[in-house]
Amino acid sequence: MGRAVTVATCALNQWALDFEGNLERILRSIDIAKSKGARYRLGPELEICGYGCSDHFYESDTLLHSFQVLEKLLESPTTQDIICDVGMPVLHRNVRYNCRVIFLNKKILLIRPKISLANAGNYRELRWFTPWSKARHVEEYFLPRIIQEVTGRETVPFGDAVLATKDTCLGAEICEELWAPNSPHIEMGLDGVEIFTNSSGSHHVLRKAHARVDLVNSATAKNGGIYILANQKGCDGDRLYYDGCAMISMNGETVAQGSQFSLDDVSDLMLKAFPQEVLVATLDLEDVQSYRAEISSRNLAASKVNPYPRIKVNFALSCPDDLAVPTCMPIQWRHHSPEEEISLGPACWLWDYLRRSKQAGFLLPLSGGIDSSATACIVYSMCHQVCLAVKNGNADVLADARRIVNDDTYIPEDPHEFCRRVFTTCYMASENSSQDTCNRAKLLAEQIGSYHINLNIDAAVKAVVGIFSVVTGRTPRFSVYGGSSRENLALQNVQARIRMVLAYLFAQLTLWARGMPGGLLVLGSANVDESLRGYLTKYDCSSADINPIGGISKTDLKNFIQYCIENFQLTALRSIVSAPPTAELEPLVDGQVAQTDEADMGMTYAELSIYGKLRKIAKAGPYSMFCKLINIWKEICTPREVASKVKHFFRMYSVNRHKMTILTPSYHAENYSPDDNRFDLRPFLYNTSWSWQFRCIDKQVSKLEKKE
């Protein structure tokens, strides 16, 4: 009956404003889709210009260059005889819209503007675009001259419509519309649309992938149909890593799964678990009709639905004689563990940043503690991914690796050897450092293969403090030697800040000293909990070029360290994970560390994670947090103890919030990140007494104690 349709979706590693590279990747994905027999190809959201253009969306240049790329796509022989669905910004009647442009054989079939814009968390689409609010309404869009010349038409349909081909009906959603409570696919499905498409710009968050998969499968579980999802992949210029996961689902079950993390820009040659990044599936539309036939509630609702405008397309997604065409069967989706996500996501983000910044590698101040060690392990994982991609025949990764190491004949085969070429670690000792942390850092560097430097900062610290002493006639002392808390803190901070200065000096000149070209990117290693509490020195080693663990909790990092012990055989990590976290900025006692992080902070890392989730995700201020925690901690704390803990957290959080304004750009992985750039917008000058809020807590504590 000619009802087996072959469709394709993809996850492309697009880059904001890289119009030439984006065009090449789009064409390659279409070529792969056609070679596998697809008659329809879906790409990610805003794939022509890149999703992360931000305020560049305001510029007329971005609109112009997007249409220039569209012109090249329309003219290309690659795009003939396949329906192509691409994303770009479009200005219609002086209003900017986030659009899908769907075309076939040099003819634009429909420009479909986004209806529900993402505007929470990291998303700011309402800043640049306007949602299309005219449901089931189509207007004429006047094409730019360069597009008129290619298509031979002055106007095309613009609005909320669906495509009716010879054999089926397709309806488009764009990213956020899948997550909306009134998703368009509901009404479209009732109106007879059989294939739903979704072009996304969805970024990675730990433990999020299952939610996206569940939404896609549930979209067709109640209503029947085929759902095709494309997504951006990689770092396109900021803190986010778009995590692919292109997929195709039918009648509530996944039939094709793309990779969540990979170094491929666009390829059909992937890891064995994911044989292709351009996903192609052949599915029988009769299965959709059969599935819908027995859902009586759906059919009753369908008889009353308000119909969508249909754009007729003289083209079929199926072949007339398809009895012998095999169709895809449901598969079980494989989710990564959080530890695998940490190993792969930030590693792929680092690789994109390294190759696109055209630097020669990374430098990491390696302290021998959990955070810097976890950062080192992520770089080592990146080296593993590079070697694996090259082994699997990825010519793009090989070319990038050769350029980074400045060797046109080089082939990265051994992660340890490649790590030594691109990764420098540096242990910066002081008189307050223990031999234990020095040994741990050295052993870990040996096991991952990094080029390791040992240096001592005491001379620089004494010189800086000496300048102060000459000017003021006063010499500050640590508290253990009779100094005040102000002196003690200042002496800790000067050590930390000198380490930052030295890190950048060595990043710029280490390769020069070794007779090699290029410079190194400095990596920071402050975790999300320390940033939330402000337990870091402003402009210390937390100040770096980028930070791959800045969005990851201490608890998850400990689990990740254990994962690396088991999967990378890094035995040096055993002593690191068992040692109490310490800044090593105060004098040793009998040669042993006396300072620990949790004692300094006045709270545990486990408590910090709870505070962070309640503050950001649960939207709790001091009083609301207290009310929630007296129940959560009722078995371990009295109400007065809970009150004391909450007050201490909010005092420390507000006192240190100013540090978030200069926080190193960090990989976004956690929904309670305190990133001040655009995710967590708060004042940085607080009334740190919280007098009204704390008084409300005290009143509640008194009431509870009277009841007891």
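Visitor: How many residues does the largest nonpolar core have?

Guide: This is a predicted model, where local features need pLDDT of at least 70, side-chain atom pairs count only at pLDDT 80 or more, and totals for chains, interfaces and linings use all residues. Residues are numbered from 1 along each chain as its sequence is written, and side-chain values use heavy atoms, leaving out hydrogens and water. A nonpolar core is a set of buried Ala, Val, Leu, Ile, Met, Phe, Trp, Tyr and Cys residues joined through side-chain atoms within 4.5 Å, and buried means under 20% relative accessible area with a 1.4 Å probe, protein chains only. Trp351, Phe362, Met382, Phe418 and Phe423 have the most contacts inside the largest one, and its residue count is 63.

Visitor: Which helix gives the most to this core?

Guide: Helices here are DSSP runs of H or I, at least four residues, numbered from the N terminus. One of them supplies 13 residues to the core, and that's helix α11 (residues 370-391).

Visitor: Which residues is phenylalanine 423 in contact with?

Guide: Contact means heavy atoms within 4.5 Å. Skip the neighbours within four places in sequence, and phenylalanine 423 touches Phe362, Leu364, Ala376, Val379, Ile448, Ser450, Tyr451 and Leu523.

Visitor: What share of the protein chain's residues count as buried?

Guide: Nonpolar side chains tend to be buried together in soluble globular proteins. Here the chain has 708 residues, and the share that counts as buried is 60%.

Conventions. Buried means under 20% relative accessible area, exposed over 50%, partly exposed in between (1.4 Å probe, protein chains only). Helices (H or I, at least four residues) and strands (E, at least two) are DSSP runs, numbered from the N terminus.
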